[in-house]
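Hi,

Here is the structure I promised to pass on to you. Have a look at it first, and then read on for what turned up.

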Amino acid sequence: MGRVLAVIIWIITLLSVLLFVSGKWWFPEGISSHAPALDRQFLITIVVVGISFTAAQIGLGWMVWKYRDTGSATDRAVYSHGSNRLEVLWTVITAVVFITLGVMGQSVWANLRLNEAPPGSYSVEVVAQQFQWNFHYAGKDNKFGKTDPKFIDDGTLNFIGLDASDPSSADDSVTASLVIPVGRPVELRLRSKDVIHNFWVPQLRFKQDLVPGMEIKVHFTANKVGKYELACAELCGQLHFKMRSYMLVLPEQDIQALQGMPQEQFQARVQELLNQYQLPNYQ
Amino acid sequence: MATMVTTRPVIQKGAGGGSGMPGPNGNGSKRKEPFPEPDGRANRYRIGTWVGLASIAMMFTSLSSAYIVRSGTAADWLPLQIPRVMFVSTAIILLSSVTIEFARRKLKQSFTEAYSKYLLVTALLGVAFLGSQLIAWRQLTSQGVYVASHPHSSFFYLLTGAHAVHIAGGLMALAFLWWRSSRHHSEVPAFVAKRQATADAVSIYWHFMDGLWIYLFLLLLLWR
Amino acid sequence: MAETHEGVHEGVHRHPAPTGFIRKYIFSIDHKVIGIQYIMLALAAVVVGMIMSLLMRLNLSWPGRGWPILETLFPTGAPGGVMTPEFYLSLVTMHGTIMVFFVLTTAPQGGFGNYFLPIQIGAEDMAFPVLNMLSFWVTFVGFIVILLAIFVEGNQGIGEWFASLGPSWAGGSGTVGPIGGWTGYAPLSALGKIAGPGQGAGMNLWVISIAIFCVGSLLGALNFITTLLNMRTKGMSLMRMPLTCWAWFTTAVLALLSFPVLLGGGILLLLDRIANTSFFIPSGLYLTGVLSGSSPNFPLHTGGSPILWQHLFWFFGHPEVYIAILPGMGATSHILATFARKPVFGYRAMVFAIFAIGLLGFFVWGHHMFISGMSPYSAIAFSVLTLSIGVPSAVKTFNWIGTLWGGRIRFTTAMLFAIGFVSLFVAGGITGLILGQSSLDLPMHDTYIVPAHFHLVMGVASIFGMFAALYFWFPKMFGRFMSESIGRIHFWITFIGVYAIFVPMHIMGIVGMPRRFSSFTEYRFLDSLHPLVVLVTVAAIITIVAQLLFYFNVFWSIFKGKKVENDNPWEATTLEWTTATPPPHDNFAGVLPTVYHGPYEFAVPGAPRDYVMQTDSPTEVPRGNGHNGHH
């Protein structure tokens with residue numbers, strides 16, 4: 001029994017590790033400037049995880065293999081209550097490894113979250129609502145028009161409650177897809193109209209909740225032109241699984257052109273670009 | 001490693017555990033009657049009360065941290081005029097703490113009649129406290145301040161209400177003690193110890209509710 | 001005179017054994033009966049939870065496919081046999097709630113803890129037997145209410161009656177309950193029917209059920225702590241207690257300090273729902289075409305903080321993870337030592353590790369909220385603290401392996417499950433190193449790696465601890481053995497099965513598959529995962545079907561299992577094996593045992609047998625009182 005158990009534990013360990021190293025399923029290609037650092041931290045962590053997992057399972061299997069009861073009445077187990085030296089040793093080693101790992105991981109976090117978006121960033125206001133995304137662009141004047149929930153009118157497609165009386169809202173555009181420039185810092189101002197949603201583009205390697213009553217700012221730089229899927233990753237109700245949109249990363253000149261367009265033209269052009277670009281080729 | 005194979009039998013079924021073995025209990029006891037209550041068992045009422053109070057304290061900590069967080073995050077936080085009658089409530093509950101302490105001490109000195117009397121006085125003061133709180137609530141509602149009026153009023157009703165529920169629980173315990181104190185009692189040490197322990201437990205609880213009220217009152221009064 | 005006599009009786013003697021059926025088996029104050037009641041409650045609840053997981057897997061693997069039986073069972077939830085998204089989400093919510101509260105919190109602590117903690121410390125019952133009975137029945141009422149939350153939304157008649165209670169009770173959505181997940185994030189959970197189907201009466205009942213459950217757990221925790229502090233028998237010093245008792249004690253402390261916070265949060269949530277307060281609901285919400293305050297269905301709310309709910313919830317929620325797993329750790333330590341015929345390696349370190357885990361468990365709740373919008377600075381503190389909780393966990397693992405080292409392992413079914421626990425605890429716990437890092441949580445949050453992680457470690461590992469405990473203690477509880485041959489088959493299928501279910505889920509998480517999606521057909525980047533999704537479902541079906549073996553084994557063995565020949569069939573050391581089988585009403589038939597030895601004195605050199613029971617006379621055993629002997 002002991003040998004069978006040991007072998008099964010080892011086979012499970014081997015298969016689990018193989019599934020991870022097979023490379024068939026992994027992150028989609030990262031397209032944000034912080035993605036390489038984050039992927040590196042992930043790789044380091046998962047190597048530590050893999051080694052610890054394998055070592056523990058091999059050790060467990062080995063004990064089970066080796067120390068079976070022989071059935072002899074006189075042969076007894078080793079009488080030991082443990083070893084303080086070993087306890088200290090493995091406590092210190094694991095503490096050093098785990099906490100080092102945790103501290104290392106903070107650099108990516110600090111770069112992304114502990115500072116403001118650099119000046120000259122491209123700002124988009126993201127307003128989520130049950131099962132739909134709204135992206136609000138400031139237009140030529142680089143000033144977002146005022147919004148207020150009392151102006152929300154689904155009939156006139158004013159989903160974000162843009163205040164028409166505010167002069168800076170005249171050149172604003174609102175679309176259902178996110179359009180951002182390549183190679184330039186982007187700042188998202190995240191808001192929600194109803195419940196908590198979550199902004200999630202796997203290629204960007206970050207998520208952020210959109211919390212009603214709060215405006216949360218995040219910033220990043222995308223460095224590859226293309227069309228990417230954008231999902232809601234916080235349970236927001238019945239059709240949560242369908243709350244999908246696209247993110248278009250465009251060359252700077254396309255963005256400049258868009259910025260000069262009035263709302264209808266802006267939306268039509270975005271639609272055109274959406275049809276033009278293809279999703280990355282996932283196997 | 002020296003090993004020995006012995007012929008000592010394993011315990012047989014139905015042997016009543018240790019008593020079937022030659023001396024494993026080591027206490028030489030051959031009694032077969034129900035257990036005597038070992039010394040110190042009466043302490044469980046005091047321990048249990050403290051443990052329970054830890055959990056009650058946690059709940060009020062969570063509610064009051066919510067109060068503080070909520071007061072800081074919103075623009076809709078309005079100051080609340082705390083009804084004056086709450087100072088009377090505070091005086092009443094402080095007094096009741098004194099009377100229950102008298103009750104406890106009288107019991108310790110075996111003055112059971114005085115004990116019983118002070119219990120009754122404490123319980124009546126507790127009822128008076130609840131009545132005074134109710135007046136405070138009615139004063140607020142007459143001003144048009146309800147639970148949902150604004151967050152400060154929500155917390156006001158919630159905190160005073162939750163405290164009142166706990167006071168009502170204390171009143172039931174007091175009533176139970178009072179009912180028991182009026183009956184005949186034994187002077188068997190275990191019984192005396194148990195009676196004292198339950199009285200101590202209730203008084204610990206009552207003092208705690210007193211302290212909790214002072215804390216809540218100051219929170220509502222000063223943290224606006 | 002009579003009264004005086006009664007007083008004496010009350011003060012001196014504990015309660016006598018009851019005779020009537022109801023006092024003996026239903027409203028019993030005997031901790032052993034209550035323990036079995038808790039275990040039976042968990043065995044019933046887990047069936048409901050498991051069927052729900054099976055339905056979810058079917059929906060995910062074969063999207064859009066109709067299952068005629070589903071239409072028969074849930075005409076509104078699965079028209080044409082295809083589940084609606086809200087039906088799926090209510091399964092998600094109810095599976096989580098029932099499993100976490102009514103299975104993982106009841107069986108390990110209320111069940112086995114109730115039955116064995118008093119016996120293992122040499123007490124005749126819990127400190128407050130009546131309170132103990134109350135805590136079970138309060139929990140039971142909580143379970144009935146959560147079942148009601150399922151049916152009230154699906155049934156027109158009941159739904160209408162509830163709707164008459166007030167606007168927040170409007171329901172009748174035809175689903176099987178609320179859809180907000182077991183975490184009940186506000187404002188989705190706070191808004192009532194307008195936020196979606198199932199969020200009306202079902203959600204109210206969900207909150208009420210959780211509040212009732214909190215009260216029941218608190219009563220239980222109070223009792224456990226007092227019993228352990230006050231009722232230990234002569235010689236049972238703290239450091240002579242079995243590790244199971246340490247685990248139950250720490251669990252009780254965690255429950256005592258964390259459930260009140262959830263209770264507080266639950267009260268606030270309920271007030272938001274039924275009294276129109278605004279603790280968690282911010283201003284200016286706009287749902288389904290209605291602005292807050294512009295309609296009687298959606299009253300005005302101002303200024304509430306959704307994140308406040310998350311803080312209150314996770315302050316409870318993280319310790320809850322340890323409430324589920326610590327008793328399993330205790331049982332595993334206990335069983336590993338018994339069947340390795342060896343003292344527990346590093347007993348003191350094990351005790352400290354349990355305490356360290358319990359203590360740190362209160363300071364890491366923020367790792368559930370890295371991306372919630374809370375302060376990014378506090379995320380750093382939470383992250384580092386979270387990784388440091390891995391240290392005592394690793395220490396426990398090393399000590400378990402150390403306990404096996406040099407042993408003479410007897411592979412009973414209980415031992416197989418205990419070894420399985422160690423394997424699964426490592427497999428599930430180690431990925432905490434990934435999820436605990438705030439930066440790695442950015443891509444990993446709310447993907448399948450999260451359910452993979454917590455199902456392995458707090459779900460499956462805890463359950464393995466309970467399987468081990470049941471196979472181990474069953475003979476003491478019922479006087480009969482569970483079938484070892486069925487038990488082994490049950491172990492092999494379950495052990496391999498759970499790995500096959502949960503390891504691929506980690507991969508799905510890395511690819512980015514979000515959890516709580518009722519269908520993955522909307523996203524191209526998830527398409528490549530479909531074979532894994534089907535693999536997981538097949539493994540889940542096999543594993544769940546294998547649990548029928550377990551159920552058969554339990555109920556068959558109660559009546560027909562092999563009878564226990566003596567009171568200590570496993571040749572174990574602790575007090576439960578010194579008393580009759582099953583133990584009498586007062587546990588020790590009139591004489592409280594006296595303890596002379598540590599809990600795990602196996603293989604003591606020079607001792608007559610390879611085990612020294614805690615009650616064995618000290619004169620007959622030359623050594624074996626020490627804790628820090630060396631090899």
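**The sheet in chain A**

In this predicted model, chain A has an open sheet of 5 strands, ordered β4-β10-β9-β6-β7, with mixed pairing. β4 (178–181) and β7 of chain A each have a single partner strand and stand at the edges, so one side of each has no neighbour in the sheet. From one strand to the next, the twist averages 25°. If you zoom in on β6(A) and β7(A), you will find them running antiparallel and joined by 5 bridges. Asn198(A), for instance, has Asp209(A) in β7(A) as its bridge partner.

**Where chain A meets chain C**

Here 95 residues of chain A are in contact with 107 residues of chain C. Among the elements of chain A that each supply at least two residues to this side are α1 (2–21), α3 (84–104) and the strands β6 (197–201) and β7 (206–210). The most comes from α2(A), which gives 15 residues. By type, the chain A side divides into 52 nonpolar, 26 polar and 17 charged residues.

**A helix pair in chain C**

How do α11 (residues 306–340) and α12 (residues 347–360) of chain C pack? Their axes are 11 Å apart, at an angle of about 175°. An angle over 145 degrees counts as roughly antiparallel, and α11(C) and α12(C) are therefore roughly antiparallel to each other. On α11(C), the contact is made by Tyr322(C), Leu326(C), Met329(C) and Ser333(C); on α12(C), by Met350(C), Ile354(C), Ile357(C) and Gly358(C). These contact residues divide into 6 nonpolar and 2 polar, with no charged ones.

Best wishes

Note on methods:
Residues are numbered from 1 along each chain as its sequence is written. Chains are lettered from A and ligands numbered from 1 in the order in which they are written. This is a predicted model: local features need pLDDT of at least 70, side-chain atom pairs count only at pLDDT 80 or more; totals for chains, interfaces and linings use all residues. Axes are lines fitted to C-alpha atoms, for helices over the stretch in contact, and angles run from 0 to 180 degrees between N-to-C directions. Helices (H or I, at least four residues) and strands (E, at least two) are DSSP runs, numbered from the N terminus. Angles under 35 degrees count as roughly parallel, over 145 as roughly antiparallel, 65 to 115 as roughly perpendicular and the rest as oblique. Two residues are in contact if their C-beta atoms, placed from the backbone, lie within 7 Å. Ala, Val, Leu, Ile, Met, Phe, Trp, Tyr, Cys and Pro count as nonpolar, Asp, Glu, Lys and Arg as charged, and the others, Gly among them, as polar. Two strands pair if DSSP finds at least two bridges between them.
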